[in-house]
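Here's a quick look at a pocket and the ligand that goes with it. Have the structure open as you read.

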Amino acid sequence: MKPNLSVNIGKLKLKNPVMVASGTFGYAEEFSDFMDLKKLGAVVTKTITLNPRQGNSPPRTCETPAGMLNSIGLENPGIEVFIREKLPFLKKLGVPIIMSVASEDGPEEFVALAKRMDKIKEAAAIELNISCPNIGHRSNLPPKLISQDPKATYKVVNSVRKVTQKTLITKLSPSVTSISEIAMAAQAAGSDAIALINTLSGMSIDVEKRKPKLAVVTGGLSGPAIRPIALKMVWEAYNKIKLPIIGMGGIIDISSALEFFIAGASAISIGTANFVNPKISIEIMSGIRKYLARNKISGIEKLIGSLKI
Ligand SMILES: Cc1cc2nc3c(=O)[nH]c(=O)nc-3n(C[C@H](O)[C@H](O)[C@H](O)COP(=O)(O)O)c2cc1C
């Protein structure tokens with residue numbers, strides 16, 4: 001038996017449900033020497049803003065127990081340079097490209113970015129990054145995020161929904177009291193899918209220097225350390241909303257990937273694990289296929305939300 005790995009995310013049809021998480025895979029070209037990129041379910045780009053961003057000052061990454069902190073701060077060349085210099089390679093890939101976008105300046109910039117992306121035939125979907133903990137620090141304190149407020153989430157998603165027919169994915173932050181409240185706001189505003197989770201806000205200190213390990217003090221925690229939180233949020237949202245969920249947070253192997261499908265994710269993204277093994281997403285994808293065959297499950301759709309309680 002050859003299990004069916006295809007899934008639908010809004011209008012987007014994926015041949016398999018394994019994608020790479022925004023910011024951990026560059027614009028894909030960086031990984032082309034290591035793997036056959038065509039095997040991926042989809043590629044999510046590094047988040048793009050309207051204007052170029054240099055990102056935060058270094059140091060902007062450090063290791064933590066079972067994970068890492070990053071405070072990259074959405075370094076990117078801006079949308080026009082992206083279209084000119086990065087998109088031509090992505091267009092040739094033959095894999096759905098999900099364009100991750102963020103605003104430095106409220107809903108209007110999201111709308112401008114979405115209008116621009118809407119004209120790009122090869123943009124299979126738009127992912128709204130309303131959950132980056134690394135831009136807009138307030139006197140060294142972590143920023144307030146759009147996705148920490150259901151009304152602000154609704155406003156951004158709804159404004160973008162009005163200007164594009166493309167599949168819209170809303171990426172949420174785990175740094176909230178109720179993830180389902182925010183997910184429901186995104187659903188009500190017209191999002192086609194939810195991506196869960198972005199990094200958790202955290203910090204680390206060099207005790208000899210008594211200085212933060214990151215120049216901007218706080219950063220986003222990722223990797224296996226956050227997996228139980230991510231999993232719980234996927235499960236919680238799955239029980240409250242009707243939209244497909246793209247699950248991520250600490251997936252490093254086949255077993256951790258399967259946990260997310262069983263909790264309710266329709267697809268998964270691999271992030272930090274790409275830095276350890278650039279081929280990990282392909283290995284996980286074939287491991288999922290073998291698991292389904294071994295357990296006589298005809299397709300991934302049957303596994304989604306199959307948690308027995
Ligand atoms: C170095 C680094 C850069 C990231 N940059 C982005 C980004 O530009 N946009 C975004 O939406 N998420 C970004 N993320 C978050 C990841 O996409 C993902 O949501 C998070 O790391 C959890 O997954 P993981 O534990 O598998 O890494 C970044 C994560 C890391 C580690």
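Which polar backbone atom is 2.8 Å from an oxygen atom of the ligand, and to which residue does it belong? It's one in Gly-223.

## Ground rules

This is a predicted model, so to speak: local features need pLDDT of at least 70, side-chain atom pairs count only at pLDDT 80 or more, and totals for chains, interfaces and linings use all residues. Residues are numbered from 1 along each chain as its sequence is written, and side-chain values use heavy atoms, with hydrogens and water left out.

## Ligand contacts

A backbone N or O atom of Ser-22 sits 2.8 Å from one, and a side-chain N or O atom of Thr-272 is 2.6 Å from one. The protein covers 96% of the ligand's own 600 Å² of accessible area (Shrake-Rupley, 1.4 Å probe).

Around the ligand there are 22 residues (a heavy atom within 4 Å). Among the closest are Lys-171 and Gly-250. The shell splits into six nonpolar, 14 polar and two charged residues, with Gly counted as polar.

## The pocket

The ligand sits in the largest pocket, meaning more than half of its atoms lie within 2 Å of the grid points. A pocket here is an open set of points on a 1 Å grid over the protein atoms alone, where a 1.4 Å probe fits, with protein on both sides within 12 Å along at least five of seven lines; lining residues have an atom within 4 Å of a point.

That pocket holds about 490 Å³ of space. Its lining has 35 residues, with Ser-22, Thr-24, Asn-70, Asn-198 and Thr-199 closest to the centre.

Definitions and conventions
Grid points are joined across faces, edges and corners, and a volume is the space filled by probe spheres set on the points. A polar contact is a pair of N or O atoms within 3.5 Å; within protein, one must be able to donate a hydrogen and the other to accept it, and residues adjacent in sequence count only if both atoms are side-chain atoms.
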